Amino acid sequence: ESWEDLPYLLKKLKEIFSPANMTLSISLWSPITHVIDDHYNIPKLYKHADLVFVQFFGYHGSWEKSTDAFAPLRNTKSQVPDKKYLTVEYSWNYMKKRGAVPCKTVMKIAMKSAEFRLKNKIPDTEGVVVPGDGLETVPGGGTMDFKQLCRMLREEKGWQTEWDEEKRTPYMWREDRWVSYEDSRSVREKV
């Protein structure tokens, strides 16, 4: 029932899977530092698992009061101190310091997006204020998959696409909507 039992469970599963030549993998939901420290014994997980899938996305979304990239690779020079660890690069470096093994790690990148409703119609790459009560109006809780994103771009005219040089991620905006998403360039940057 506790997170401390997870390595023991993996050890027992490995004993069962190994004779059958089966691969044992585990998926870590959040590579955010306090989650890693509170829930995962990284060296023991890597010791028993053949592959560790790490979900490097969902760092920011409509639950916040300002826009930010769904899966930023890097921080900006003006990054708020509390958010400095909310990037793919920081998370991966932190995991390696805690004992993550690169050759056993599979980076999961979601072809999803984070949508924000803006308080004003001025686009920005970071920190655009969104109304607290307006967050609930974002369909799907503020995330949409890549297919929905492409359909929206095709059917709704006026979207402007941009590239955030510091965070190495794309975003787009139209009127009072701001959307962070992944594309082929941002995926290449992460790998």
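**Exercise 1. Determine which residues form one aromatic cluster with Phe 116, and describe how the rings of Phe 116 and Trp 178 are arranged.**

Phe 116, Tyr 171 and Trp 178 make up one aromatic cluster in this predicted model, where local features need pLDDT of at least 70, side-chain atom pairs count only at pLDDT 80 or more, and totals for chains, interfaces and linings use all residues. Residues are numbered from 1 along each chain as its sequence is written, and side-chain values use heavy atoms, with hydrogens and water left out.

Step 1. Rings of Phe, Tyr and Trp (its six-membered ring) pair if their centres lie within 6.5 Å, and planes under 30 degrees apart count as stacked, over 60 as edge-to-face and the rest as tilted. A search of the whole structure on this basis finds five aromatic pairs.

Step 2. One of these is stacked, namely Tyr 90 with Tyr 94, at 6.4 Å centre to centre and with 10° between the planes. These two tyrosines are four residues apart in helix H4, so about one helical turn separates them; helices (H or I, at least four residues) and strands (E, at least two) are DSSP runs, numbered from the N terminus.

Step 3. Tyr 94 is buried, with a relative accessible area of 12%, whereas Tyr 90, at 30%, is partly exposed; buried means under 20% relative accessible area, exposed over 50%, and partly exposed in between (1.4 Å probe, protein chains only).

Step 4. For Phe 116 and Trp 178, the ring centres are 5.7 Å apart and the planes stand at 65°, so this pair is edge-to-face. Because Phe 116 belongs to strand E4 (residues 112-117) and Trp 178 to strand E8 (residues 177-181), the pair ties together parts that are 62 residues apart in sequence. Both Phe 116 and Trp 178 are buried.

**Exercise 2. Locate Asp 68, decide whether it is buried or exposed, and find the partner of its side chain.**

Step 1. Asp 68 lies in the loop between strand E2 (51-55) and H4.

Step 2. With a relative accessible area of 1%, Asp 68 is buried.

Step 3. The side chain of Asp 68 makes a polar contact with that of His 60 at 3.5 Å; such a contact is a pair of N or O atoms within 3.5 Å, where, within protein, one must be able to donate a hydrogen and the other to accept it, and residues adjacent in sequence count only if both atoms are side-chain atoms.
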